[in-house]
Amino acid sequence: MTSLTLVRQIKASPTRVYQAFTRPEEIAQWWGPDAGPVLISEADVRVGGRFRVRFRMLTGEEHESQGEYLEVVPDRRLRFSWRWIGESEHESVVTVEIRAKSGGTELTFTHAQLTDEATRDSHRGGWDGAFAKLQRMLES
């Protein structure tokens with residue numbers, strides 16, 4: 001097993017960053033690796049609640065992930081399970097840490113329990129693309 005950690009400095013408050021991860025209408029604006037649309041965005045943000053997101057890439061491929069919220073600390077931390085629907089039965093874990101920093105927020109994102117380095121690298125590309133959209137949304 002391997003993990004991926006990404007750190008981003010975002011010129012927005014911790015509350016705004018948290019909202020972008022927890023409000024379905026905001027998730028729909030940035031989720032996915034490219035400019036393709038989010039088709040489904042659902043989030044029941046409470047311990048034991050579930051999320052589901054389906055997006056279409058510009059290539060026409062569609063991908064859907066879902067999971068369960070394991071930890072919810074408003075404006076500070078989210079931890080949830082992650083599984084690709086129809087692609088793999090393997091479940092990984094995502095942790096989102098949000099910290100106030102001068103001029104905005106430091107986002108530390110860890111996707112753990114990935115099966116191998118190829119899977120980690122594939123997820124890095126996807127999350128990098130998504131976080132670029134997230135930053136544009138929050139900083140504009």
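How many aromatic pairs does a search of the whole structure find? The search finds 17, where rings of Phe, Tyr and Trp (its six-membered ring) pair if their centres lie within 6.5 Å, with planes under 30 degrees apart counted as stacked, over 60 as edge-to-face and the rest as tilted. The model is predicted, so local features need pLDDT of at least 70 and side-chain atom pairs count only at pLDDT 80 or more, while totals for chains, interfaces and linings use all residues. Residues are numbered from 1 along each chain as its sequence is written, and side-chain values use heavy atoms, without hydrogens and water.

One of these pairs is formed by Trp30 and Phe131, tilted at 35 degrees between the planes and 6.0 Å centre to centre. Trp30 belongs to helix α2 (residues 24-30) and Phe131 to helix α3 (residues 117-139), so the pair links parts of the chain 101 residues apart; helices are DSSP runs of H or I with at least four residues, and strands are runs of E with at least two, numbered from the N terminus. Trp30 is buried at a relative accessible area of 0%, and Phe131 is buried at 1%, buried meaning under 20% with a 1.4 Å probe and protein chains only.

Trp31 and Phe51 are both buried as well. Trp30, Trp31, Phe51 and Phe131 are among the members of one aromatic cluster.

Key. Buried < 20%, exposed > 50% of the residue type's maximum accessible area, 1.4 Å probe, protein only.
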